[in-house]
Amino acid sequence: MSILAACPMKANVSSNVFRVEDKKDIDLKGDMEDEREKSLVLPFKAFQVDNAEICVMSYNVHSAVTMRIIDVNGITVDVYSSSLTSQQIISFDISNYPNGAYTLVISTPQGTYLTGVFDVN
């Protein structure tokens, strides 16, 4: 796992895909190209649980993924970089984030660049 030195990492890894009952989906937009082929189906799902957690689920195996949460000023406030297994969930604790809009960015060396906006109230 690699971490940008200037960014604190608060992400956790969870294998329990069905642990979240009440969630708000984050609409991901962008280009997706996985290691095998270009796809119209996104192999990631992102959702917000209350104002406490952002979760990203990987439907496929990815050899390298970087997830960043960026604030309205363009500053990266959280980052997670690693390989992912199928059905793996990465969660970010956002309970101490100041109110405002944030952008989740998911990228891979294969060309994936997905973004989704969420609010913390």
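Helices (H or I, at least four residues) and strands (E, at least two) are DSSP runs, numbered from the N terminus. Ser107 belongs to strand β9, which covers residues 100-107. The model is a predicted one, in which local features need pLDDT of at least 70, side-chain atom pairs count only at pLDDT 80 or more, and totals for chains, interfaces and linings use all residues. Residues are numbered from 1 along each chain as its sequence is written, and side-chain values use heavy atoms, with hydrogens and water left out.

The chain contains 0 helices and 10 strands, so its pattern along the sequence is written with strand symbols, β-β-β-β-β-β-β-β-β-β. Of its 121 residues, 42% count as buried, where buried means under 20% relative accessible area, exposed over 50%, and partly exposed in between (1.4 Å probe, protein chains only). Contact means heavy atoms within 4.5 Å. Among contacts between residues at least 6 apart in sequence, 60% join residues at least 24 apart.

Ser107 can now be placed among its neighbours. Its relative accessible area is 17%, and therefore it is buried. Apart from residues within four places in sequence, Ser107 is in contact with Ala64, Val65, Thr66, Arg68, Thr112 and Tyr113.

Strand β6 (residues 62-71) pairs with strand β7 (residues 76-84) in the antiparallel sense, over 7 bridges. Pairing here requires that DSSP finds at least two bridges between the two strands. His62 has Leu84 in β7 as its bridge partner. The two strands form a hairpin with 4 residues between them, and Gly74 in this hairpin takes a positive phi near 85°.

Next come the aromatic rings. A pair of aromatic rings is described by the distance of the centres and the angle of the planes. Rings of Phe, Tyr and Trp (its six-membered ring) pair if their centres lie within 6.5 Å; planes under 30 degrees apart count as stacked, over 60 as edge-to-face and the rest as tilted. By this rule there are 2 aromatic pairs. Tyr97 and Tyr102 make a tilted pair, 5.0 Å from centre to centre with 45° between the planes. Both Tyr97 and Tyr102 are buried. Tyr102 and Phe118 have ring centres 5.7 Å apart and planes at 20°, so this pair is stacked. Because Tyr102 lies in strand β9 and Phe118 in strand β10 (residues 113-120), the pair ties together parts that are 16 residues apart in sequence. Both Tyr102 and Phe118 are buried. The ring pairs link Tyr97, Tyr102 and Phe118 into a cluster.

β2 and β4 pair in the antiparallel sense over 3 bridges, and Lys24 stands opposite Gln48 in β4. Asp25 lies in strand β2 (residues 24-26). With a relative accessible area of 48%, Asp25 is partly exposed. Not counting residues up to four places away in sequence, Asp25 touches Lys45, Ala46 and Phe47. The C-alpha atoms of Asp25 and Lys45 are separated by 7.8 Å, although the residues are 20 apart along the chain. Their side chains are joined by a polar contact of 3.3 Å. A polar contact is a pair of N or O atoms within 3.5 Å; within protein, one must be able to donate a hydrogen and the other to accept it, and residues adjacent in sequence count only if both atoms are side-chain atoms. The charged end of Lys23 sits over the ring of Phe47, 5.2 Å from its centre; this requires NZ of Lys or CZ of Arg within 6 Å of the ring centre and within 35 degrees of the ring normal.

β4 is also joined by 6 bridges to strand β5 (residues 53-58), and these two strands run antiparallel. Val49 stands opposite Glu53 in β5. The hairpin of β4 and β5 has 3 residues between the strands. Asp50, in the loop between them, has a positive phi of about 50° although it is not a glycine. At 57% relative accessibility, Asp50 counts as exposed.

Gln87, in the loop between β7 and β8 (88-93), is not a glycine but has a positive phi of about 70°. Its relative accessible area is 34%, so Gln87 is partly exposed.
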